[in-house]
Amino acid sequence: MITLKDYQERVLESLRDFFRLTAQTKKPDAAFREVTRRFGEAAPYLPVTAAGLGPDMPYVCLRVPTGGGKTLLACHAAGLAQRIFMRTERAVVLWLVPSNTILDQTADALRNPRHPYRRALELACGAVEVVTIEEAFRLSRATVEGQTVVIVSTIQAFRAEDTTGRKVYEQNGAFAEHLLNVPADRLAELFLGADGKPKPSLVNALRLRRPVVIVDEAHNARTDLSFATLGNVLPSCIVEFTATPAREKTPSNVLHRVSAAELKAAQMVKLPLRVVTRHPSQRDQLLAEAITLRADLEKLAVAEGQQTAEYIRPILLIQAERVDACEALRDRLVGEFGLSKDEVKISVGKLDELKDVKDVASPKCHVRAIITVEKLREGWDCPFAYVLCSLKETRSATAIEQIVGRILRLPNAQTKRHPDLNCAYAFSVSESITVVLAELREALEHNGFTKAEAERVILSVPQGTLPLGVQPQTVTFAPTEIDSTVAQVQEAALGGKVRIDATTGAITIVVPLDHDDTERVKSCLTTPEARARVDVAAELVRKAEQAFGGSGKPRQPSPYEQQLNFLVPLLCFNENGMLYEFESTFLLEHPWKLGEKDASLSAGYNPLVRPYGKAGEIDVGVKGDVQTTLMSDTTARDFVGTLHQQVLQLSGTDDWSLERLVAWLDREIDHHDIPVGESAEFLRKVIRGLQAKYGMTDVGTLALDRFRLRDEIAARIQDHREVERKASFQMLLLHDSALTVTEERTINFKTMGYEPSRLYEGGFQFQKHYFGPKPGELTEKTAEGRITEEFHCAQFLDGLPQVRFWVRNLVRKPTSFRLQTSKDWFYPDFLCQLMDGRSLAVEYKGKHLFDGIDAEDKRAVGEVWASRSKGRCLFVMPTEGDFSGIVRAVQGQ
């Protein structure tokens, strides 16, 4: 079983909350705004309009870069859709992939009982049967009703013009039993045959079961034709997984974005990507350097294995100039560079030697180099691929994007002891480093990285130096080549633009330099050769900045580029002399008894009435069958409510006792902070109370409504939990509590990754933002064109003389500063370091929010953080454009 990474837990938390809110409110647009608001501004929800896809059908996208584990997340997502949104223990899942190759690969993994994907799927969905689209044509009703069924297919297989697609819609006697005893109100939704009756076919079986649709690499499926095709199966919901969400025509509803920094922190990818380029006339030398580097990496891997017992065999991917040049290139690798023929495989067109390699990660496999031209075999994936060497001068964007994606995954998702085994390497033939860097940046963007992320992880390496051990924009000289006395003077005069270490001989150029600054650096060196290398490095830095959208002109380095410390003390809990960051577990450390709490549910809950699109009463008949009585028919059909009613109609029943229902509810409701005995007693009180209130002698009706009952009880338990947490929170705010602030526990933005989902795009030039002139996730204007109040606040801080530098604090990012309130984490909008070294946190609140309970909690914990710091920290919550409180705070008034 693969343990989920922290960022994967956050992705699933967003999806879980979206499904929960949609099931409760029946409004996916409101649920979407609520979840996305946690990460900044609420994003608009764009419903898809196509036959079978109503505006209230949930349709969301999860953006996960290459190497982020989309398939594992999809396994868990299927279970969330089934149990949280559809409120059922069995469902049909239609799992769509981009090609037949990926189809076979995915189906094999999901069917293999020892594969982590299969285990995750069973954990999420319960008993599971996995079939391909061809096998689905023989699907029995007993199979569908006995467990969750996952059908793996391509979207093309559901298009009528496709051979398989015609079979999806054609009459098929195997599905006659699926249409027996269909509820009368469902008949109108089924496709009819020539006889005017519902046609027994796979598509009708799917329409009846309202499948959960999982779309892998959804950018291949976002066309009008694809939407119409998806609508044919009447899905209950659609969840996209992709590295590159659609932005135009039919934009994706991106519910959650995973950043490159999160993947790096989770040890999922090799970063940075180090780049070496050479002129086309030096093609042979470039190839030799790439081969030598791969061999050097293998020596490091052997040493790594001796320390950790982990087997790694670095592989070199070579992009040849032409298909007919591949065999000759292999002969060269064997004849000139000492590789054996078994160690070199070719993967081009019809000649695909990789298909005969069963396990490229096995110690028995000898592959060390793979030659391709346009792209590698679809579905081929090996974290051992470390080095890309492109010998083509003209490359297609698709080819470079696909091959770059192959070298990003980190073996075994675990950081290696030797730092060079945590990086990826790209060698490229080109007359222009700018062109190569721009190509690689675009390739990373197509693998799910933002432009800002790509800029930070691509590092150009000066010619004439081997990449191993070399840092970005750094040139290393012999200590005798540097005049240490002159270097000390010039480094100070350069104001952070260049870092000079005379002891190690390392000179790091941080930003593009003008002529005078370049001459200052060169004056530290004692030989003409050394000075010439500085000229080359300075030009490389200038071109690199141009490649990533900068001007390449000389500028002042940001505080982050200068590697200045930006320390902010944390609010900690002092427990027996040990300091722990104050978080939610400390709010429930005191004993409280759920079993003694009021077990009445909300007034709106009635287990006998389903308040949905078609209102009615439900009961269990004498024979154990589900009985529904139609009470009224609403004019506006409720998608979510109707879906729940349809699921209920098709669900079977069996014998339920009080204790069985209690045990089921106890498993389904998350309560790690409550002992099982306490929760069970509370659940019994709820059930007995409902039986008394509605005159029910049998728990069968409650069992039938158990998913809605689960959500109602979970909400009631959360109400009680929040009351207890609020009481603890108030106690901890008292002056003699265990909360403290000390220099021993801080975060330092110097060591943090700053990975906003978007950068400021306006024309104002911020001078003091720690990470440069473009703060993350800062909006200048509203949709109506008015300047936002937060933007005014950022401008004010940027111009305040007492502020040395500041940062736009990103919401719900692991590298951001946070404070715990009684309910959730609180991320102040801005953090500042003042000229005198003090820390200032600023949380701007609009007038309509300033007096709310949420703002009250944030004010309280912010003021405690400031008061426990003994004057080292300040907290201000301005509103209505009045920043005088900030001035008074920094002036000590």
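Predicted model: local features only at pLDDT ≥ 70, side-chain atom pairs only at ≥ 80, totals over all residues.

Student: Are the two faces of strand S30 covered or open?

Tutor: The general idea is that side chains in a regular strand alternate between the two sheet faces. Here, S30 (residues 873–876) is covered on both: Cys873 and Phe875 are buried on one side, Leu874 and Val876 on the other.

Student: Now helices. What span should the 20 residues of helix H1 have?

Tutor: Count 1.5 Å a residue, and H1 (residues 6–25) should span 28 Å; its end C-alpha atoms are 28 Å apart, so the two agree. Just after H1, Lys26 has a positive phi of about 65°.

Student: Which residues of H1 are buried?

Tutor: With 3.6 residues a turn, residues three or four places apart in an α-helix point the same way. The buried set in H1 includes Val11, Leu12, Leu15, Phe18, Phe19 and Thr22.

Student: Which residues touch the most other members of the largest nonpolar core?

Tutor: Nonpolar side chains tend to be buried together in soluble globular proteins. In this core of 157 residues, the answer is Phe19, Trp95, Leu121, Ile151 and Phe158. Helix H3 (residues 70–85) supplies the largest share of the core, 10 residues. Beyond its neighbours within four places in sequence, Phe19 contacts Ala77, Leu80, Ala81, Ile84, Phe85, Cys237 and Val239. Another core, of 38 residues, lies apart, with Cys572, Phe586, Val861 and Val864 among them.

Notes: Residues numbered from 1 in each chain as written. Heavy atoms only, no water. Buried < 20%, exposed > 50% of the residue type's maximum accessible area, 1.4 Å probe, protein only. Helix = DSSP H or I, 4+ residues; strand = E, 2+ residues; numbered from the N terminus. Expected span 1.5 Å × (residues − 1). Core = buried A, V, L, I, M, F, W, Y, C linked by side-chain atoms within 4.5 Å. Contact = heavy atoms within 4.5 Å.
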